[in-house]
Amino acid sequence: MNIALHTDIQQALCNYVLQLADTNLILGQRICEWCGHGPILEQDIALSNIGLDLLGQTRSLYQYAATLQGESKTEDDLAFLRSERQFKNLLLAEQPNGDFGYTVLRQFLYEAFQLLLLDRLKNSSDQQLAAIAEKSLIETTYHYKWSAEWVIRLGDGTDESKSRIQKSVNEIWTYTGEMFIPSVDEQTLTSAGIIPDVTNLKEEWLHKVTEVFAEATLDMPDNNGWMQRGGKTGVHTEHLGYMLAEMQYLQRQYPGQKW
Amino acid sequence: MSPQINLEEQFQAKIDAEIKIEPKDWMPDAYRKTLVRQISQHAHSEIVGMLPEGNWLTRAPSLKRKATLLAKVQDEAGHGLYLYSAVETLGVTRLQTIEDLISGKAKYSSIFNYPTLTWADMGAIGWLVDGAAIMNQVPLCRASYGPYARAMVRVCKEESFHQRQGYEIMMTLASGSAEQKEMAQDALNRWWWPAIMMFGPTDAESANTEQSVKWKIKRHTNDELRQKFIDATVPQAEYIGLTIPDKDLKWNEEKGMYDFGPIDWDEFWNVVKGNGPCNKQRLEARRNAHTEGAWVRDAASAYAEKRAKRAASKVA
Ligand SMILES: [Fe+2]
Ligand SMILES: [Fe+2]
Ligand SMILES: [Fe+2]
């Protein structure tokens, strides 16, 4: 491999790992908002568990991104000192919590994708990425199961719960397509054989979602509708700026301190 | 001797012999009532106590602190669960207990009616509030009512983690920049007196102490525990270079304990009565969680019912 190409791949890998980390962090941050406000004590605890797993994954990924960057940055530098336009998280992750149904649905749609992605990434030729994926996959399997069960429960529960979650499905759907549209970095890494082609995960994902929605007696939205995009290239919805302002404020206000 | 008196004597004899009372055992009504009140108040304190710290989850200054805080607040939810279960063994459902909280009928620890204004409050709460809770709760691991005592054993283990984590936050801030140290001192200034008040009114004014001590659902008086807490905490503050906001605080060589200044009981009773800075918000947050979650709970039970029916018709 020539050196220029190698550097390109290294850069793409770093960006990609940041993208994975950012999505987990932003979703974890959203989950933090639920803590103490859940509808059922046991589910409050279950959501916190997922949040903790996501934060754990975030930290491993940022630590890896930092070594790839080689600028001796820390996980906290990457989380707290990057701006809106530098965050690469999926738009799906930053959408406000809505009601409990919206939150479990957002989680389900993401975890269904993660399940497929991590299952491939655990065999990646990049060993560090493979190791993180393998560990995360165990957690993701649990998150997927929990969230799918709640989608089914709410869909096939009462008239009210069904109409609420159907409405959430219709609203959130436009943020799901982005998962399957590869960024330039993803394309580079796919060509280099390091990550799977996300385009190819769509069919299997749709199959999983269709199955769960059928059991939940929910209607599938029109799959040819317009899909929002931009998260991976740092063009976000208006929500992210507020999230970062809140999350980063102490680090910004008191730069360079130990906490 | 009437049979009732006999039962009461046997009950007290068991307690005196340190034999645990279990849910199916006979117990005086007043014992049951006192326990329901005490344990449910404790359960509510765990749950309401999630709110002031939950307030900083999205603003924690590092990923590690964020995760640790989330785990801590989650632990408190777990404590609430154990304790609601202990109340259920006394014949009161969780739903009923929660409804008593949100209707304002039941009380919870007043400490949670104070606001968390800076990150240092996460340190002060862990160190002082969880620290005071431990003082109160360690003796309850030997409470006469079995399910309560067993719940407290699990709770106390985690509370001592929380206390150390909180102290560690304070230590980090106190040895940090001038601004961080100021933040830590300010948090101590605001949380010290409310923490001292967590032990409740002085023994002279504490109505239920004597009977509860006899029943062994209280092992020490409020003043004893308060003194113990102060004696343990003052050196910890000194060690990290923070000053306890009490100008009368002084080591009393003769008594072998600290003398401390007068407590503002007027403030205490005001907060108990609902006039604390956050009473309204805390109760409202719990009420909202409960009412806004009703459709989820309804859906879950409707779904469970449908499933059971489908399973039954399959078998048939
Ligand atoms: Fe607790
Ligand atoms: Fe407690
Ligand atoms: Fe605690």
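Mentor: Start with a term. A polar contact is a pair of N or O atoms within 3.5 Å; within protein, one must be able to donate a hydrogen and the other to accept it. Keep in mind that this is a predicted model. By that rule, 16 residue pairs, both at pLDDT 80 or more, are in polar contact across the interface of chain A and chain B. On the chain A side, helix 1 (3-32), helix 2, helix 3, helix 5, helix 6 (127-155), helix 7 and helix 10 each supply at least two residues that touch chain B. Helix 2 of chain A gives the most, with 12 residues. By type, the chain A side divides into 21 nonpolar, 14 polar and 14 charged residues.

Now the extent of the contact. Chain A brings 49 residues to it and chain B brings 46. Together the two chains bury about 4100 Å², and 69% of that lies on carbon and sulfur atoms. Within chain A, the residues that lose the most area to chain B are A:Leu41, A:Asp156 and A:Trp259, together 17% of what that side buries.

Next, salt bridges. The interface of chain A and chain B has 3 of them. In A:Glu42 and B:Arg94, the side chains meet in a salt bridge at 2.5 Å, N to O. Over all chains, the structure holds 29 salt bridges.

Some of them sit inside chain A. A:Glu75 pairs with A:Arg59, with the closest N and O atoms 2.8 Å apart. This pair links distant parts of the chain: A:Glu75 lies in helix 3 (residues 75-80) and A:Arg59 in helix 2 (residues 41-69), 16 residues apart. A:Glu75 counts as buried because its relative accessibility is 10%, and buried means under 20%. A:Arg59, at 22%, is partly exposed.

A:Arg164 and A:Asp99 form another salt bridge, 3.0 Å from N to O. A:Arg164 is in helix 7 (residues 159-172), while A:Asp99 is in the loop between helix 4 (91-94) and helix 5 (100-121), 65 residues apart. A:Arg164 is partly exposed, at 30%.

A:Glu186 meets A:Lys232 with closest N and O atoms 2.8 Å apart. A:Glu186 belongs to helix 8 (residues 184-191), and A:Lys232 to the loop between helix 9 (202-215) and helix 10 (239-253), 46 residues apart. A:Glu186 is buried at 3%, and A:Lys232 is buried at 9%.

Definitions and conventions
Residues numbered from 1 in each chain as written. Chains lettered and ligands numbered in written order. Predicted model: local features only at pLDDT ≥ 70, side-chain atom pairs only at ≥ 80, totals over all residues. Heavy atoms only, no water. Salt bridge = Lys/Arg side-chain N within 4 Å of Asp/Glu carboxyl O. Helix = DSSP H or I, 4+ residues; strand = E, 2+ residues; numbered from the N terminus. Buried < 20%, exposed > 50% of the residue type's maximum accessible area, 1.4 Å probe, protein only. Contact = heavy atoms within 4.5 Å. Buried area = accessible area lost by both parts, 1.4 Å probe. Polar contact = N/O pair within 3.5 Å; in protein donor to acceptor, adjacent residues only side chain to side chain. Nonpolar A, V, L, I, M, F, W, Y, C, P; charged D, E, K, R; others polar.
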